[in-house]
Amino acid sequence: MQSNNRADGRDTFIYDSNHRDTLLGGLWVAEGITNANLYCMVDIICLFDDTFHIYDNNEKLVERDEKPLQPGNYFIVYNGSITLTEEAPLLRALSLHSGSRIKSFRDAVRERDRRCVITGLRSQRPDRWGWDFFEVAHIFPLAYEDHWNQSNYSRWITVPPANESDGSIHSVQNGMLLTPNMHALFDAYIVSINPDDNYKIVGFGPEATDENIAGRHLDQTFLNNPLRPTDQLLRWHYRQAVLVNVKGLGEPYMENDFPPGSDIMTEIMDGPKAAERMEYELFSRFNAMGSRA
């Protein structure tokens, strides 16, 4: 049975050099994660007003370079107190939507991508074989459409949906075609894409190693498409993934495997963050239905 605790799989730990027994965060080092990436992650989970440096367990300065990050203990050196950000990530579970607002969004993403954006697996003759091995994922989750609107994230969208009444959250730029496995990992923030590191695919757990995707980059053909996801949305997802996986002890995993006959509500209520999960499930379904323009 999978642990709810993301910290269980970590092999790298981050501390305040002035309080070496106080854990600030940590991660599992996947292929492609560099020293510079560690600095970026620390800058997301902690609040700084000035330059900070990171030293390893041997008190050697870790440079902000592209050398592979080595598992181990790391200590932040900063002229001041180090505080973890209070920014809370948006809880997320696997989302398989249906409804009147989804069809045109789904069709637009399929037409643009025609392959899994992360693994590169292509759809062969979807007119004949269908799309059974692919799913369309929202980058910013549909359950939080009110948050999307209140934060004016539509400013990140340059290609509105064909039916503007569907809402800007259903722009093709907020979607990607993925295999079911990649969709689950993406929604769980175990896999993300860093647009500020040449669109590197970043793995935050061992599951990301199964198809040798960690450390690879999105292909240039996809990036050259004017309909592709915007950098702001990819950056938003990456930041969420860092907050979920690296800050403190990390956020709990959400259970998605509910076999036929399961008492889903009871399982959710017995799981972590039950009230937030129930709200997420409710709004995932509600926001997939009629127009909310």
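Which residues are linked with Lys103 in a network of salt bridges? The points below take this up after a note on the model.

1. Basis. This is a predicted model, in which local features need pLDDT of at least 70, side-chain atom pairs count only at pLDDT 80 or more, and totals for chains, interfaces and linings use all residues. Residues are numbered from 1 along each chain as its sequence is written, and side-chain values use heavy atoms, with hydrogens and water left out.

2. The network. Lys103 is linked with Arg106 and Asp107 in a network of salt bridges. A salt bridge here is a side-chain nitrogen of Lys or Arg within 4 Å of a carboxyl oxygen of Asp or Glu. The classes are buried for under 20% relative accessible area, exposed for over 50%, and partly exposed in between (1.4 Å probe, protein chains only).

3. Total. The structure has 10 salt bridges by this rule.

4. Arg92 and Asp187. These two side chains form a salt bridge with an N to O distance of 3.1 Å. The pair links distant parts of the chain, 95 residues apart: Arg92 sits in the loop between strand S7 (83-84) and helix H2 (103-113), and Asp187 belongs to helix H5 (residues 180-187). Helices (H or I, at least four residues) and strands (E, at least two) are DSSP runs, numbered from the N terminus. Arg92 counts as buried because its relative accessibility is 6%. Asp187 is buried too, with a relative accessible area of 1%.

5. Arg115 and Asp219. The closest N and O atoms of this salt bridge are 3.1 Å apart. Arg115 is buried, at 9% relative accessibility. Asp219 is partly exposed, with a relative accessible area of 30%.

6. Cysteines. How many disulfides does a search of the whole structure find? The search finds zero, a disulfide being a pair of cysteine sulfur atoms within 2.5 Å. Cys40 is partly exposed, with 32% relative accessibility, while Cys116 is buried, at 0%.
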